[in-house]
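Please look through the sequence and the three-dimensional model shown here before reading the report that follows.

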Amino acid sequence: MHLKDFFPSSLVIPLFISISILSHAFPKHVCAIDFRYAACSSSVKCGRLGNIQYPFWVNGIQPTYCGHPRFGLDCQNDEAFWFEKHFRVLDLDNRTQTLKIARFNDSSTGRIACPYFNITKDFISIFSYTSNVTMIRVLHDCPPIINMSSYEYHCSNQGHSYFVANESLAKKYISSCGYNLLLPVPRSAAEGLRNRSLRVGEALLKEYELKWTTNETQCEDCKKSGGRCGYDLNLNTPSCFCRDKPHQQTCTSSSVLSTFFLEA
């Protein structure tokens with residue numbers, strides 16, 4: 001049985017031409033949806049924060065590449081935690097790129113997880129502090145310091161820890177302690193420590209805001225082209241996950257054509 005038995009001879013040549021054009025317009029792999037596009041396509045909700053969007057992603061529900069590595073959240077009992085559960089996330093606004101956080105008071109111990117990490121360069125490169133945030137000096141593994149007892153907070157069994165809002169005072173004792181770091185707190189909390197109207201534990205619980213500086217325009221362009229915003233962990237750069245494969249900025253015309261072809 002031949003093709004001419006089904007189609008008039010006048011249609012056979014145009015039909016072959018159409019098939020040839022389609023075979024070149026659609027690559028062989030268009031029928032397989034890229035696994036990153038599929039994994040990052042569904043929205044995830046977390047309590048009062050609502051839908052979690054790029055650059056954020058939810059640990060245990062979404063793969064790491066669905067967001068920026070520094071923006072991973074843990075969602076438990078409709079509460080969001082961030083930075084290895086050191087902070088509770090009270091609010092996030094993708095429009096203004098603002099994140100409101102507070103240190104986590106562990107209900108099992110009734111205490112705040114003591115900070116042992118410094119503000120690293122890569123952290124500073126993607127976050128900035130709002131004007132109501134300032135830094136205090138944290139001194140760890142120190143001997144007892146009599147005139148700083150009001151700044152003491154028990155963090156470990158290895159020496160004493162002090163949270164000092166007066167930088168000139170802190171510098172007098174830095175050499176006596178094992179190590180030190182800078183810690184962001186609201187200005188009101190720092191002032192409370194200075195005038196001793198707040199205890200250290202109370203000051204550390206105060207909420208404050210961060211602004212993230214990732215390029216949201218690139219993500220919007222990706223979404224407009226039919227892609228899903230994500231992150232290339234190998235190249236350490238944002239990526240646009242499309243149906244055919246990841247692209248650097250936006251989905252190409254072939255990606256859009258494949259979307260039409262698969263959904264038609």
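How many residues lie between β5 and β6 in their hairpin, and which residue in the turn has a positive phi? Four residues lie between these two strands, and Phe83 in the turn has a positive phi of about 60°. The model is predicted, so that local features need pLDDT of at least 70 and side-chain atom pairs count only at pLDDT 80 or more, while totals for chains, interfaces and linings use all residues. Residues are numbered from 1 along each chain as its sequence is written, and side-chain values use heavy atoms, with hydrogens and water left out.

Strands here are DSSP runs of E with at least two residues, and helices are runs of H or I with at least four, numbered from the N terminus; two strands pair if DSSP finds at least two bridges between them. The table sets out two such pairings.

The hairpin of β4 and β5 has two residues between the strands, and Asn77 in its turn has a positive phi of about 50°.

Elsewhere, Thr214 is found in the loop between β14 (208-212) and α7. Thr214 counts as buried because its relative accessibility is 13%, where buried means under 20% relative accessible area, with a 1.4 Å probe and protein chains only. Leaving aside neighbours within four places in sequence, Thr214 is in contact (heavy atoms within 4.5 Å) with Pro55, His68, Phe71 and Gln97.

Key. Buried < 20%, exposed > 50% of the residue type's maximum accessible area, 1.4 Å probe, protein only.
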